Amino acid sequence: HMEQLSPMHPARRRLAYDEILSHQLALAITREKQKAHQHAPLHAPKTYKDKILHALPFTLTQGQQDVLAEIEKDLQKSFLMCRLLQGDVGSGKTILAFLSAAYVIACGKQAAIMAPTEILARQHYAGLLPLAEKTGLRIALLTAREKGKARQELLDNLAAGAIDLLIGTHALIQDPVQFKDLALAIIDEQHRFGVGQRLALAQKGA
């Protein structure tokens, strides 16, 4: 009967409930494991963002300041941060990602931004490069297009800690990519990556 295909049919509702419950249980278990994974809290000097804020052609909104403060608070804890940042196009997610990266970089660590397509990765790199150059942050771009000697030089610099922020595609989670000390993994449009891919980026760091 057609009514059995309805999303409101008891059998369909039960399947939907089971799916949501199993998903939430898996998330809860993952969060508990993350809390058990202790590490040294990160404490950047309060001046870490002064150069960046001064170089911006705009001031942060109150909402952006509040989110940044929450991220800073999370990074100061002794267990892993797991945070989802949502916002419309143009709401400032990329600048908050950059400021978050600057926080861990000020602590002597590295950060990564992984995007689902080469176009998006290049947009992030092009958008952040002028800001990085003004503020002394060393950023690089890694996609499938970077090859040969230039690619090897980039990988060597990354492993040596001469790159602060690496922006790229799935190329970031390939075996040859080794960070000196990755402390923050940022995933753009995370729904376009599998759980395994997201974990693979996180596992590039301690």
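Arg14 and Asp18 join their side chains in a salt bridge, with N and O 3.0 Å apart; the term stands for a side-chain nitrogen of Lys or Arg within 4 Å of a carboxyl oxygen of Asp or Glu. Both residues sit in helix α1 (residues 10–36), four residues apart, or about one turn of the helix. Asp18 is partly exposed at 33% relative accessibility. On this scale buried means under 20% relative accessible area, exposed means over 50%, and partly exposed is in between, using a 1.4 Å probe and protein chains only.

Before going on, please note that this is a predicted model, where local features need pLDDT of at least 70 and side-chain atom pairs count only at pLDDT 80 or more, while totals for chains, interfaces and linings use all residues. Residues are numbered from 1 along each chain as its sequence is written, and side-chain values use heavy atoms, with hydrogens and water left out.

## Bridges across the chain

The salt-bridge count comes to 10. One of them pairs Lys49 with Glu72, the closest N and O atoms being 3.3 Å apart. This pair links distant parts of the chain, 23 residues apart: Lys49 is in the loop between α1 and α2 (50–55), and Glu72 is in helix α3 (residues 62–75). Glu72 counts as buried, at 15% relative accessibility.

Another bridge joins Asp181 to Lys109, with 2.9 Å between the closest N and O atoms. Here the partners are 72 residues apart, Asp181 in the loop between β3 (165–168) and β4 (182–187) and Lys109 in the loop between α4 and β1 (110–114). Asp181 is partly exposed at 27%, and Lys109 is partly exposed too, at 24%. There is also a network in which salt bridges that share partners join Glu70, Asp74, Lys77 and Arg83.

## Lys204 and its surroundings

Lys204 lies in the segment after α7 (195–202) and is buried, with a relative accessible area of 15%. Its side chain reaches the backbone oxygen of Gln174 at 2.7 Å, and a polar atom of that side chain lies 2.9 Å from the backbone oxygen of Val177.

Leaving aside neighbours within four places in sequence, Lys204 is in contact (heavy atoms within 4.5 Å) with Leu172, Ile173, Gln174, Asp175, Val177, Gln178, Phe179 and Leu182. Leu120, by comparison, is 84 residues from Lys204 in sequence and 21 Å away in space, C-alpha to C-alpha.

## The second largest pocket

A pocket is an open set of points on a 1 Å grid over the protein atoms alone, where a 1.4 Å probe fits, with protein on both sides within 12 Å along at least five of seven lines; its lining residues have an atom within 4 Å of a point. Of its 13 lining residues, Thr94, Gln123, His124, Gly127 and Leu128 are the closest to its centre.

Two or more lining residues come from each of α4 (93–106) and α5 (118–135), and α5 gives the largest share, eight residues. By type, the lining divides into eight nonpolar, four polar and one charged. Nonpolar covers Ala, Val, Leu, Ile, Met, Phe, Trp, Tyr, Cys and Pro, charged covers Asp, Glu, Lys and Arg, and the others, Gly among them, are polar.

## The whole chain

The chain has seven helices and four strands, taken from DSSP runs (H or I of at least four residues for helices, E of at least two for strands) and numbered from the N terminus. Of its 206 residues, 35% count as buried.

Methods
Polar contact = N/O pair within 3.5 Å; in protein donor to acceptor, adjacent residues only side chain to side chain.
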